[in-house]
Amino acid sequence: GNFTSQIFDSGSTGTTWDNITWDALHDFANHTDAEPSTSKIDSTSLVLMLHLNNDSTIGENATFFVDESTSANNATCDNSAGECSTLNITDTKFANSQTFDGGDCSSIPDSADWFFGTGDFSFNFWVNLQVVTGSRMFITQEDYVHRTSGYFAWRVFTSGGNLLRFEYSTDGGTGDPSRTLLSVPWIPITNTWYNIAVVRSGSDIKFYVDGVQQGTNQNIGTDNIANIAKVVSIGCNLEFGSPANFITGNLDEIQIYKRALSKQEILENYQRGALRLSLQARSCNDSACDGETFSDNLTNEQDISSLTANQYFQYKAEFSSSNLNYTSFLQNVTIDYTLGDTCTPPAVNNDWVLEYSDNCTLTSDTDLGTGDLIPKSEGIGSLTLADNVDLTTDLIPYLCDGCKIILGDQTKIIIN
């Protein structure tokens, strides 16, 4: 929805509107602004943050993806094998995302960061699936063929088009490793973005979709999740070294923590993708702002002095949400301005309001049309019409104490 402010009157024509600032909750102006970063969130125990933007300014390219956490768990893909995802700059929740075509897979080298043991952990990411049938692997650490042999630590995936799942092993392999499979119902709609979180908090595993817990806590006691010397795979799993069970769709903002995210943190991660708040502004030469258009979207604390110097000002806030249960909150707006030179006549058919302290000299013929000449009630210093200058006005409603209008040679005040 939209909110349009009242029209503010500075009382002075030619006012310069200097700056606009505001306070708001969930103040995400655009996809780039909403993108999480270590400076915007609590990054305690964060061991992976992939934006997947192909951002060359930080060294990313089509085969190399930078981990923004301090762990430097960067991801790569094998372009020669046709396994690299492609950059998606259109259908995104944040700056960019990566599209996986059903044969793409990225990997991250083995690290102690992937050994969770009995400790807390959290997975958080965004996914948009074009195919929901079968088993689709989001992020895994394994090299294992089902019911055969291999190495297995953990995986987050969907299967059957109706389940969100987390599976782990306590022995790791190499025979057919023991595995524990946990699931909650989830029926994803194709071409729809979802925020997924899987959290271990103490003895409990919790699943979240779009900031809301799915099902109840699932108790795993003190299970010690295995430590295996295998890469982490994104968008697939490994079966004896070969990628399989690919996703077809988009992934973005992949985060792993070695702590349990709180319910509020998970909700806020979701709201970053769901909510947008943008402000526009306009200055006006009349009290109805008739005909003026609003600016492009502004940023908080933006210099708005490029707006035309006018007496009146108005702003508009636009709220958008992909979930009607949530919205941004605009709490207050502050506008800084500098009063203009009221000795400069306004455009035709506008009132000319003269401040009490002004000492004005009019040096050229001026026609106010239907506008009035209005001295402020405190009285102006003086209004002087230079020689041979005419002033045409619809009305001078009063001449207050201390007000003076001084006429030069061959000057006229014409009342319409």
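1. Strand S13 and strand S14 (residues 180–185) pair in the antiparallel sense over six bridges, where two strands pair if DSSP finds at least two bridges between them and strands are DSSP runs (E, at least two residues) numbered from the N terminus. Across this pairing, Arg165 stands opposite Ser183 in S14.

2. The model is predicted, so that local features need pLDDT of at least 70 and side-chain atom pairs count only at pLDDT 80 or more, whereas totals for chains, interfaces and linings use all residues. Residues are numbered from 1 along each chain as its sequence is written, and side-chain values use heavy atoms, with hydrogens and water left out.

3. S13 (residues 163–168) also pairs with strand S12 (residues 149–159), again in the antiparallel sense and over six bridges. Trp154 stands opposite Tyr168 in S13, and in the hairpin of S12 and S13, with three residues between the strands, Gly160 takes a positive phi near 70 degrees. Of the six residues of S13, five are buried (under 20% relative accessible area, with a 1.4 Å probe and protein chains only).

4. The largest nonpolar core holds 44 residues, and Phe123, Ile139, Trp154 and Phe166 have the most contacts inside it; such a core is a set of buried Ala, Val, Leu, Ile, Met, Phe, Trp, Tyr and Cys residues joined through side-chain atoms within 4.5 Å. Its largest share, five residues, comes from strand S10 (residues 121–129).

5. Asn323 lies in the loop between strand S24 (312–321) and strand S25 (329–338), and it counts as buried because its relative accessibility is 17%. The side chain of Asn323 reaches the backbone nitrogen of Asn325 at 2.9 Å.

Key. Helices (H or I, at least four residues) and strands (E, at least two) are DSSP runs, numbered from the N terminus. Buried means under 20% relative accessible area, exposed over 50%, partly exposed in between (1.4 Å probe, protein chains only). A polar contact is a pair of N or O atoms within 3.5 Å; within protein, one must be able to donate a hydrogen and the other to accept it, and residues adjacent in sequence count only if both atoms are side-chain atoms.
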